[in-house]
Amino acid sequence: MPLETPTRIVRELARHGYNAEREAVTLIAGAADPETTLARAIEHAGADAFRVTAADVRAVLDSGPNATDAPVSASSTAATPSDTTTAEADALSDSESASTDRSLDPSSSTGETKAETTTSSQSSPPETGGSNSSSGRQSDPSLRSLSITNDMTGQSTGTGEYGDFVKVFKDRYEKLSRQLRGRVNHRPAEAIQSMPGGSDAAMVGLVNDIRSTASGHWLIELEDTTGTFPCLVMKDRKFASAVDELLMDECIAVEGTLADDSGIMFVDSMHWPDVPRTHKPNTADRHVQAALISDVHVGSQEFMAGAWHRFADWLHTDAAEHVEYILIAGDMVEGVGVYPNQDEELDIVDIYDQYEQFSEYLKEVPGDIEIVMIPGNHDAVRLAEPQPGFDEELRDIMSVHDARITSNPSTVTVEDVNVLMYHGVSLDEVIAELPSESASYDEPHKAMYQLLKKRHVAPQYGGHTRLAPEEQDYLVMEEVPDIFHTGHVHKLGWGKYHNVLAVNSGCWQAQTDFQKSVNIDPDAGYAPIVDLDTLDMTVRKFS
C-alpha cells in the first residue's frame, strides 16, 4: 500500500506493532522513499522498542540515499486536511448535522447544551490498522490533569452479615442528612414522639414505608437512627404529587404539625438533598474535550465493529484534535450468562477472549488519549454495587494505553471538571417505579435527574439493583458532580439539571433478539463529545 499520507504511515507502523512520535511520522512522509524509510526506521528502533522516534528516522535519513524533499522542523508537525483518511473525508463531506435538545429542562432548552449529530455516509468500515498514534493532537501532556476519587477497588469489607447492612444505611443517613439539616429544624424520631400535640416539628429520615390511605392521602414512615415516625401528606397539598417520585430508602426531610395525640405529623413541606439551583460547575481553563461512551459489548454478534472503526479513525483526524480523554461507563464486553439464551447471540463465547478482542479494538484509539473505564453488569466483576474495578488478570489484558480502571461508581476529575461515572443499572428500577413523565427509556437523562435530586445513584434496596453492604455507602453523591455520565439502558439522552450535565451515552451494539423481546430499540454508534471548558456537547454518529 503506498504510504501517501501520515495516517497510512501510522497504520503501517501499527501493523508492525509500533507506536510513533508525531515528528517521526512527518519525517517519514517527507522522505523521497517513505516505504524504505519506514522499514529501515523500524529496523533501527529494534524489536524490543515500543515506539519509533524521530531520532530513529533521522538516523536512517542521515545514513542512506533517502532524503526529505524539504527540511521539516518540529513546528511543522500539525496535521493538514490531507492527513485524514478517505473514509473520514467522505464522512465529513457527505455528513448531515442536526441540532437536538434532548432535555426538557428549561435551562437546557435555552442553548446551554449544544448537540450536533454527524452521520457518516460510509456503509462499510474504513480501513483500520489499530494505530496508537495521534493525527492532530498537539497539546502538551503536562497540561493534562486527571484524578479519581471514591474508588473502592480493593476496599471491600462487607461479609453480608446484619451488622454490615446497619453500617451502610447509617452511613447513608449521616451523609445525606447533613445535606438537609440546614433547611429544617430536625428532631430525632424518639424526641418527636415525646413532643406535645399541636407542636411544629421537622424530621430527616430514610423512607421506610409509603402507603395510601382509604381517603387517598399518603402515609410516609420515616426512619432515623433513633426510630421511626409516621408522616401524613394530604392529597390536596400542592406537593402531594411529589410522593409519586419517592423511592424506598431515599433520604428526605419533612416539616409539619403534630396531631393532638402526637402520634402523627401532618406534613406542610418536603425537601430533598438535591443539587442547589445556585450550583456553578467547574470548567477547564483551556479548550479540551472528552468523549463519553459506554456499552461497547465486544463479543456480541451485534457489536458494531464498523461504527467503532469509524470512531477510531475519526479520533485520528483534525476534527478530533481536542479530544484528549475517553470515559467508558461500563460493559466493555458482552459477557457470558447475563440473560437467558445469551450464548445463541455470542460471537465470542469465552469471556477472556472477549476482553482480548476488546483490547485489540482499543489499540485503534490514538495512544496519546487518556482512557478511564468502569465496569458494568455485563463485565466480569461482581454484580452487586458498588462494583470494584477489574481484577489483575483482566487489567493485564486491557493494559493498552495504560487505561485508568476504577470502580462503579467513581468520580473522575478531568481538567478540574468532576465527572461522576456510573454504569446505570438502577435506571431500570427508577424508570419502572416512577411516573413516565419523570423517568422513561426514551429520555434516560430525566431518570438521571431523579438520582441527582436524591443525591444517590441507587437509593432503593431490595429491588432489581443488587447492593453490597460496605463500611460506607459509596453510592451517595456527597459532592455535586459537574457531569453525570451513565450507560446501561442503550439509549442516548442528555440535558442539564441545575447546571449539571447529565449524559446517557447510548451503546455500540445493534438490537439483539433479547432486546427485541423486551422492546428495547438501542441508540447505537454514538459518541457524545463534551467541551470541558464550556460543558457544551456535540454528539457524533458513526453507525
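The model is predicted: local features need pLDDT of at least 70, side-chain atom pairs count only at pLDDT 80 or more, and totals for chains, interfaces and linings use all residues. Residues are numbered from 1 along each chain as its sequence is written, and side-chain values use heavy atoms, with hydrogens and water left out.

**Overall make-up**

- The protein has 14 helices and 19 strands. These are DSSP runs numbered from the N terminus (helices: H or I, at least four residues; strands: E, at least two).
- Of the 543 residues, 57% are buried. Buried means under 20% relative accessible area, exposed over 50%, and partly exposed in between (1.4 Å probe, protein chains only).
- The accessible surface is about 22,000 Å², and carbon and sulfur atoms hold 46% of it. Areas come from the Shrake-Rupley method with a 1.4 Å probe; for residues, only the protein chains shown count as cover.
- Among contacts with a separation of 6 or more, 73% join residues 24 or more positions apart. Contact means heavy atoms within 4.5 Å.

**The six-stranded sheet**

- An open sheet runs in the order β12-β11-β10-β9-β18-β19, with mixed pairing. Two strands pair if DSSP finds at least two bridges between them.
- β12 (404–405) and β19 (537–541) are the edge strands; each has a single partner strand, so one side of each lacks a neighbour in the sheet.
- Helix α9 (residues 305–315) packs on this sheet and touches β9 (289–293), β10 (323–329), β18 and β19. The direction of α9 makes about 150 degrees with that of β10. Axes are lines fitted to C-alpha atoms, for helices over the stretch in contact, and angles run from 0 to 180 degrees between N-to-C directions.
- β18 (residues 526–531) pairs with β19 in the antiparallel sense over five bridges. P528 stands opposite V539 in β19.

**H297**

- H297 sits in the loop between β9 and α9. H297 counts as buried because its relative accessibility is 0%.
- Its side chain makes a polar contact with the side chain of D295 (3.3 Å). A polar contact is a pair of N or O atoms within 3.5 Å; within protein, one must be able to donate a hydrogen and the other to accept it, and residues adjacent in sequence count only if both atoms are side-chain atoms.
- Beyond four places in sequence, H297 contacts residues including D331, E334, H378 and H490.

**A253**

- A253 belongs to strand β7 (residues 251–258). A253 is buried, at 0% relative accessible area.
- V184 is 69 residues away along the chain, yet its C-alpha atom is 7.3 Å from that of A253.
- Leaving aside neighbours within four places in sequence, the contacts of A253 include V184, L180 and M270.
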